[in-house]
Amino acid sequence: MEGEPGSMAKVAQVLILSLTWGTQIWVTFISGFVLYRGVARHTFGLVQSKLFPFYFYVTLACAFLNLSIFVINWACLSLSLFLSPQLSLFFVCLVLSALNAQWLSGSTTEAMWKMQAVEKEHGLGQEVGLSSNQGAYKQLREKDPKYRALRQKFFRYHGLSSLCNLVCLICNGVCLACLALRLDSL
């Protein structure tokens with residue numbers, strides 16, 4: 001059909017979108033949980049501080065490529081009710097990935113390093129898993145207002161970053177579902 005994207009554009013769109021979604025699933029639901037349960041807390045923080053900026057920039061690049069391929073190859077067709085939500089989802093993913101890559105990741109890591117410095121002063125951070133030595137962390141929060149403020153800042157940025165990541169994951173999942181529903185026309 002005239003005006004439809006070429007085969008290479010279709011393959012690129014599917015590959016980039018599936019790469020992004022698979023990476024998001026792995027980083028969000030698998031690697032973090034495995035690491036958190038298997039290494040010391042501060043080691044986990046170190047790994048995440050190196051992994052997340054790279055992950056967020058890869059997600060940003062893929063979001064940009066997905067949006068670009070979609071706009072270039074489907075702009076010639078009138079955006080049907082089926083295609084225009086996809087355009088919006090790609091755009092939302094691009095914006096949230098940029099927010100994560102440019103601001104939230106760095107702010108979260110900065111707060112984490114400061115928190116870890118205070119924890120080290122109190123002999124904390126080498127325990128493995130979430131439930132290890134919770135009493136000592138609670139006690140530190142109660143008696144050190146600086147640590148409590150750092151922890152709140154860390155969880156605020158981490159929560160926003162996680163929310164952005166989850167929304168991107170859902171957007172990409174919906175776009176994959178839309179592609180799957182159009183497989184006969186691809």
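The chain exposes about 10300 Å², and carbon and sulfur atoms supply 69% of that area. Accessible areas come from the Shrake-Rupley method with a 1.4 Å probe, and for residues only the protein chains shown count as cover. This is a predicted model: local features need pLDDT of at least 70, side-chain atom pairs count only at pLDDT 80 or more, and totals for chains, interfaces and linings use all residues. Residues are numbered from 1 along each chain as its sequence is written, and side-chain values use heavy atoms, with hydrogens and water left out.

**Fold and packing**

- The chain has five helices and zero strands. Helices (H or I, at least four residues) and strands (E, at least two) are DSSP runs, numbered from the N terminus.
- Read from the N terminus, the order is α-α-α-α-α.
- Of the 186 residues, 40% count as buried. Buried means under 20% relative accessible area, exposed means over 50%, and partly exposed lies in between (1.4 Å probe, protein chains only).
- Among contacts with a separation of 6 or more, 81% join residues 24 or more positions apart. A contact means heavy atoms within 4.5 Å.

**Largest pocket**

- The largest pocket holds about 1000 Å³ of space.
- The elements giving two or more residues to its lining are α1 (7-38), α2 (41-74), α3, α4 (134-143) and α5 (145-181).
- The lining counts 37 residues, and Y36, F44, Q48, F154 and H158 lie nearest the pocket centre.
- Pockets are found on a 1 Å grid over the protein atoms alone: a pocket is an open set of points with protein on both sides within 12 Å along at least five of seven lines, whereas a cavity is a set of points where a 1.4 Å probe fits but cannot get out. Lining residues have an atom within 4 Å of a point.
- Grid points are joined across faces, edges and corners, and the volume is the space filled by probe spheres set on the points.

**Salt bridge**

- The count is one salt bridge. The rule asks for a side-chain nitrogen of Lys or Arg within 4 Å of a carboxyl oxygen of Asp or Glu.
- The side chains of E110 and K114 form it, at 3.3 Å from N to O.
- E110 and K114 are four residues apart in helix α3 (residues 84-121), so about one helical turn separates them.
- E110 is partly exposed, at 42% relative accessible area. K114 is also partly exposed, at 41%.

**Cysteines**

- The count of disulfides is zero. A disulfide here is a pair of cysteine sulfur atoms within 2.5 Å.
- C93 is in no disulfide; its nearest cysteine sulfur, in C168, is 3.5 Å away. C93 is buried, with a relative accessible area of 1%.
- The sulfur of C175 lies 6.0 Å from the closest cysteine sulfur, in C178, which is too far for a bond. C175 is buried at 0% relative accessibility.

- N100 is found in helix α3 and is buried at 2% relative accessibility.
- Beyond residues up to four places away in sequence, N100 touches F56, S105, S161, C164 and N165.
- N100 and Y157 are 57 residues apart along the chain, with C-alpha atoms separated by 9.6 Å.
- Q86 also has its place in helix α3. Its relative accessible area is 1%, so Q86 counts as buried.
- Neighbours within four places aside, Q86 is in contact with F70, C175, C178, L179 and R182.
- The C-alpha atoms of Q86 and L67 are 9.1 Å apart, across 19 residues of sequence.
- S107 lies in helix α3 and is buried, at 13% relative accessible area.
- From S107 to F154 is 47 residues in sequence and 7.9 Å in space, C-alpha to C-alpha. F154 is among the residues nearest the centre of the largest pocket.

- S49 lies in helix α2 and counts as buried at 11% relative accessibility.
- Leaving aside neighbours within four places in sequence, S49 contacts T109, M112 and W113.
- K10 sits in helix α1. At 17% relative accessibility, K10 counts as buried.
- K10 and N73 are 63 residues apart in sequence, yet 8.7 Å apart in space, C-alpha to C-alpha.
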